[in-house]
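Hi everyone, thanks for coming. Please have a look at the structure with me, and we will walk through a few of its contacts together.

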Amino acid sequence: MQNEELWQSVLGQVQFAVSKANFATWFRNTKIVSSENGEVVISVPNAFSKEWLSNKYNSLILKILRTSDNNIRLINFTVDSPALQQKQNKPQKIKEDPSDQLQFQEFKVNQETNLNPSYLFDNFVVGSFNELAHAATWATSESPGTVYNPLFIYGGVGLGKTHLLQAAGNRAISLFPEKKITYIAAERFISKIVEAIRNQEIESLKKKFSQVDILIIDDVQFFAGKDKTQEEFFHIYNNLYQNGKQIILSSDRPPSAIPAITERLRSRFEGGMIADIGTPDFETRLAILKSKCEQKNITLANDVLDYIANNIQKNIRELEGSLNRLLVYQKINQKMPDIEQTKKLLQGLTSSQRKSTSPKRILQVVANFYDLKQDDLLTLTRRKEIVRPRQIAMYLLRTELNESFPSIGRKFQGKDHTTAMYACTKISQRIEEDNALSIDVNLIKQRIYSEPENS
Ligand code: ADP
Ligand code: MG
């Protein structure tokens, strides 16, 4: 594979492992400059990027590279001096692929509102599964602070909560340019509160939030058990509410099912409009796929579209993920995959058509993936680099083979079932929160079900 194609395919997958903003910040203007004897050299625009990429993304990039070429062992980052870059960029402009530019344009997050302008009502497909949530967010963006306050949207992972919340924010900006709008993920909100308390700046932080006209907080289930955050948020909330300011919240479950939140906060959450997002039916999944194809400017055969819509049912992000896999294939092979190739490419993503596997295979692939020996996985060490892979192995034994917890425990030097149970809960939680982990697990699954490795 050519360096350029290889890097495009890596970027295609990195997009799913990191936030869009991070992708734009750290992966723009990067490329592979050479790939020889298992060493890949990646050029980056400045020293800061170099440090950041090598500290935070080295292993992710390496893992993805190795799915294309198992011989790759090492990555080196090199700084491309700006002068040099300018020289190179100018002539390149002419032959730059317009789709690449488009890709990057999508990721510009508005510094002031924190909103990503690519999440719009325009590119949001409505079906019976989400029509109430859609209608409510639409109405709220039109008349903030008056109709539904607070607006509380809930639904499972990858079903469009973030998209809807951001679309509401973006639409409100265009309708009311004078209003101050803030979008923030609950985890970020929590860390801001914690930091402010530590620096004794909580009053000024609260003041800042009380000046917002529309406050959008995504994934408030993370407030569970965060007492200090809940308390400060309660005050911010009341202040905004009393002043007729709009509050929009999302969660992966209804307020009644969020554990460890105070009663007064729960009743606030329940006091406005609650709308849920269900799972899309087949027709809607097909419609979503078609609309994404249009946006990405790709044409797929009907049987391919049907196959994806039939096999990926519970998560719109995965629908998109499968399209991206096909897109990478197209970039490399200069043609769209047919149905048989599609089935191969989507192995591990689709729920049916799963091949069988064995405990031995799972342990082998996990060990291999993390460059460990199989025996390392089975020993009782607490070394950090082993604990996580071991938990992943336990998790996969459970999810892929339905093994009982006691039986999983026994495989790991007779640990009891609680250890196995803890590992499985831990990993399934972390997968929701940590994209890098989620892509790891997906890559591992892909390998488990693909050709046996020689090592
Ligand atoms: P959640 O926040 O519920 O986990 P997201 O809003 O991040 O889910 O959605 C996951 C992906 O699916 C995003 O890329 C989003 O644009 C896309 N998506 C979700 N719902 C729809 C929809 N109804 N129409 C088009 N794209 C959608
Ligand atoms: Mg979300």
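Let's begin with Lys 292: an N or O atom in its side chain is 2.8 Å from a nitrogen atom of ligand 1. Taken alone, ligand 1 exposes 560 Å², and the protein buries 94% of that; accessible areas here come from the Shrake-Rupley method with a 1.4 Å probe, and for residues only the protein chains shown count as cover.

Before going on, a word on what you are seeing: this is a predicted model, where local features need pLDDT of at least 70, side-chain atom pairs count only at pLDDT 80 or more, and totals for chains, interfaces and linings use all residues. Residues are numbered from 1 along each chain as its sequence is written, chains are lettered from A and ligands numbered from 1 in the order in which they are written, and side-chain values use heavy atoms, with hydrogens and water left out.

Back to the ligand. A polar side-chain atom of Lys 161 lies 2.8 Å from an oxygen atom of ligand 1, and a polar backbone atom of Val 125 is 2.7 Å from one of the ligand's nitrogen atoms.

Which residues come nearest to ligand 1? Of the 17 around it, they are Val 125, Gly 158, Thr 162, His 163 and Glu 320; a residue is near if one of its heavy atoms lies within 4 Å. Helix H7 (161–175) and helix H14 (316–333) each supply at least two residues of this shell, helices being DSSP runs (H or I, at least four residues) numbered from the N terminus.

Staying in helix H14, we find Asn 324. Its side chain joins that of Lys 296 in a polar contact of 2.9 Å (a pair of N or O atoms within 3.5 Å; within protein, one must be able to donate a hydrogen and the other to accept it, and residues adjacent in sequence count only if both atoms are side-chain atoms). Asn 324 counts as buried because its relative accessibility is 10% (buried means under 20%, exposed over 50%, partly exposed in between, with a 1.4 Å probe and protein chains only).

Finally, the aromatics. The whole structure holds 11 aromatic pairs, meaning Phe, Tyr or Trp rings (for Trp, its six-membered ring) with centres within 6.5 Å; planes under 30 degrees apart count as stacked, over 60 as edge-to-face and the rest as tilted. Tyr 237 and Tyr 241 are stacked, because their ring centres are 5.9 Å apart and their planes at 10°. Both lie in helix H10 (residues 227–242), four residues apart. Tyr 237 is buried at 2% relative accessibility, whereas Tyr 241 is partly exposed at 43%.
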